[in-house]
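Trainee: I would like to learn how to read a structure like this one. Could you walk me through it?
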Amino acid sequence: MSDGSRKEPAMDAKRFAALAAAYGGDLRRWPQADRMAGTNFAASETGAAILGHAGKLDALLDSYDVKAPGAALYGGILRTADRHLVQRRRKRFWWLGLGLAGIGLAGAVAGLALVSVVTPEIQPDHYVLDANATAFGDAGPDGETVEEDL
Amino acid sequence: MSADPDEELVRQVGAGDPAAVRTLVARKLPRILALASRMLGDAAEAEDVAQETFVRIWRHASGWRRGNARFDSWIHRVTLNLCYDRLRRRREWVTDEVPDVVDPAPLPDAREEPHLIEQALQAIAPRQREAIILVYYQEMSNIEAAATLEISVDALESLLSRGRRALQAILARDGVHE
């Protein structure tokens, strides 16, 4: 139903006829701002004749009904809803999982970086020889130092 | 702007609430199907359009935000666009242009009144048909109908007047209207 309009001039036969020609003979379909003036004008002979004429087409339009939706259509639409909602939920979980994995990875990298910055480098106070190392491994630098000192 | 009566329901649908989905279908399907049936004059095609409209609703419900239009106006716009796609396809099959003037030839033999109204509606220009369906059958206000059609209220009134005049001419020719 019409619930508004621009600021209208006072109702006269011309305006009343124009509204009836557009919205029909039922004043509930008219713009809200015109309904009161329209109701008053409808009481006149001219107004009643205009509404009567418009009402004939309204009655014909009323006779054209369409079928209500059947159960099969309802069911089909609800099934498509299920499919879309399941897909959306899956996508949401997938992105959530990816996001959590990303956050975890970023945390791990940040943690490693922090540890490497904050923790002082551990200097061994003695050298432990393993099976592959030789006793000559540490001799080089000392030798070079000696040569430089000379 | 007044509150949208469908806003909360659409939000629940967007969150995947099955009860909200059923409520939305029960609330909107009859309106969507009636709109498509009267626009297309073909029950099977109208059901296809209704299905497609709901697929778009499911796709957009989670991100739907009210802008200038209510949800009901938005789904009417979606339905009308889908109807226009089909009308265009028909036009490509049948002829290159849709007449804006009334076809003077008598309608095919169908004496029943509702059938004559259906055929008369199909015979007028689609924009006029759209305006009449929204205001008369979908019971939209002039402002809602104008917003749905993305035109001014004056333009809507012009479409309505021309549409009703065209219908009267067709029905008078067929002996149904004075």
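Trainee: Is B:Glu150 buried or exposed, and how do I tell?

Mentor: Count the C-beta atoms, placed from the backbone, within 10 Å of a residue's own: 20 or more others make it buried, 12 or fewer exposed, and anything in between partly exposed. B:Glu150 has 11 others within 10 Å, so it is exposed. It sits in the loop between H7 and H8 of chain B, and its phi is positive, about 55°, although it is not a glycine. Bear in mind that this is a predicted model, where local features need pLDDT of at least 70, side-chain atom pairs count only at pLDDT 80 or more, and totals for chains, interfaces and linings use all residues. Residues are numbered from 1 along each chain as its sequence is written, while chains are lettered from A and ligands numbered from 1 in the order in which they are written.

Trainee: Which residues of helix H2 of chain A are buried?

Mentor: In this helix, residues 32–42, they are A:Asp34, A:Gly38 and A:Phe41. Seen down the axis of H2(A), they fall within an arc of 60° (taken from the directions from the helix axis to the C-beta atoms), so they line one face. On the other side, A:Met36 and A:Asn40 are exposed. The buried residues of H2(A) pack against helix H1 (13–23) and helix H3 (45–62) of chain A.

Trainee: How many residues does each chain bring to the contact between chains A and B?

Mentor: Two residues are in contact if their C-beta atoms, placed from the backbone, lie within 7 Å. Chain B brings 40 residues and chain A brings 34. On the chain B side, H2(B) gives the most, with 9 residues.

Trainee: And what about domains within chain B?

Mentor: Domain bounds come from an automatic or database domain assignment; for chain B it gives domain 1 (1–98) and domain 2 (100–178). Here 14 residues of domain 1 are in contact with 13 residues of domain 2. H2 and helix H4 (71–94) of chain B each supply at least two residues of the domain 1 side.

Key:
Helices (H or I, at least four residues) and strands (E, at least two) are DSSP runs, numbered from the N terminus.
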